[in-house]
Amino acid sequence: MSNRHLRRRPHHQPGDHLRHPSGRVEVVSFELLGQPFMAISAGPLFRFNEAISFMVKCDSQQEVDDYWQRLCADGGQAVECGWLKDRFGLSWQIVPAIMDELLQNGSAEQVARLTQAMLGMKKLDIATLERAWLGQEPADG
């Protein structure tokens with residue numbers, strides 16, 4: 001994964017810290033996996049909400065677990081259906097990559113079972129989702 005810090009523009013006008021309460025940086029531009037992003041300091045004026053989220057597609061349960069643990073650490077919280085909020089309040093969707101295949105290639109009954117299983121979860125469990133899709137009983141645990 002390639003992460004690059006491109007540019008940081010500090011407040012440079014007297015009184016900016018009063019209009020933008022964070023007081024440290026006005027704009028930060030960065031790149032994640034070749035995609036440019038820009039973050040603007042807005043303090044309490046504009047907060048994160050669920051309208052914007054990052055989706056991470058994971059190839060294994062271990063990868064789901066790792067992202068989940070790291071993003072929920074230090075004040076983050078699990079929400080539901082693979083969603084969580086990190087300690088800054090930014091929403092993330094931690095999703096097994098296989099979900100696309102199961103949803104696109106399943107019958108209406110398979111998709112309904114998969115959806116019902118997912119609705120009962122916070123962190124998504126690949127084995128449980130696959131069993132639901134196949135119509136198998138949940139594993140004891």
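**Notebook: burial, helix packing and backbone in a predicted model**

I began with aspartate 125, which is partly exposed, with a relative accessible area of 27%. For this term I apply these limits: buried is under 20% relative accessible area, exposed is over 50%, and partly exposed lies in between, with a 1.4 Å probe and protein chains only. The structure is a predicted model, in which local features need pLDDT of at least 70, side-chain atom pairs count only at pLDDT 80 or more, and totals for chains, interfaces and linings use all residues. Residues are numbered from 1 along each chain as its sequence is written, and side-chain values use heavy atoms, with hydrogens and water left out.

**Entry 1. Aspartate 125, continued.** I placed aspartate 125 in the loop between H4 and H5.

**Entry 2. The chain as a whole.** I counted 5 helices and 7 strands in the protein chain. Helices (H or I, at least four residues) and strands (E, at least two) are DSSP runs, numbered from the N terminus. Their order along the sequence is β-α-β-β-β-α-β-β-β-α-α-α. Of the 141 residues, 28% are buried. The accessible surface comes to about 9700 Å², and carbon and sulfur atoms hold 53% of that surface. These areas come from the Shrake-Rupley method with a 1.4 Å probe; for residues, only the protein chains shown count as cover. Among contacts with a separation of 6 or more, 44% are between residues 24 or more positions apart; contact means heavy atoms within 4.5 Å.

**Entry 3. Helices H4 and H5.** I looked up how helix H4 (residues 108-119) packs with helix H5 (residues 126-134): the angle is about 145° and the axes are 7 Å apart. Axes are lines fitted to C-alpha atoms, for helices over the stretch in contact, and angles run from 0 to 180 degrees between N-to-C directions. I listed Gln110, Arg113, Leu114, Ala117 and Met118 on the H4 side of the contact, and Leu129, Ala132, Trp133 and Leu134 on the H5 side. By class, these are 7 nonpolar, 1 polar and 1 charged residues. Here Ala, Val, Leu, Ile, Met, Phe, Trp, Tyr, Cys and Pro count as nonpolar, Asp, Glu, Lys and Arg as charged, and the others, Gly among them, as polar.

**Entry 4. Glutamate 130.** I found glutamate 130 in helix H5; it counts as partly exposed because its relative accessibility is 30%. Leaving aside neighbours within four places in sequence, glutamate 130 is in contact with Ile98 and Leu102. From glutamate 130 to isoleucine 98 the C-alpha distance is 9.0 Å, across 32 residues in sequence.

**Entry 5. Glutamine 93.** I located glutamine 93 in strand S7 (residues 91-96). It counts as buried because its relative accessibility is 16%. Its side chain has a polar contact of 2.8 Å with the side chain of serine 53. A polar contact is a pair of N or O atoms within 3.5 Å; within protein, one must be able to donate a hydrogen and the other to accept it, and residues adjacent in sequence count only if both atoms are side-chain atoms. Not counting residues up to four places away in sequence, glutamine 93 touches Ser53, Phe54, Met55, Val56, Gly82 and Trp83.

**Entry 6. Positive phi.** Most residues other than glycine have a negative phi. I noted a positive phi of about 55° at aspartate 74, which is not a glycine. Aspartate 74 lies in the loop between helix H2 (61-72) and strand S5 (77-78) and is exposed, at 65% relative accessibility. Cysteine 81, also not a glycine, has a positive phi of about 55°. Cysteine 81 lies in the loop between S5 and strand S6 (83-85) and is buried, with a relative accessible area of 17%.
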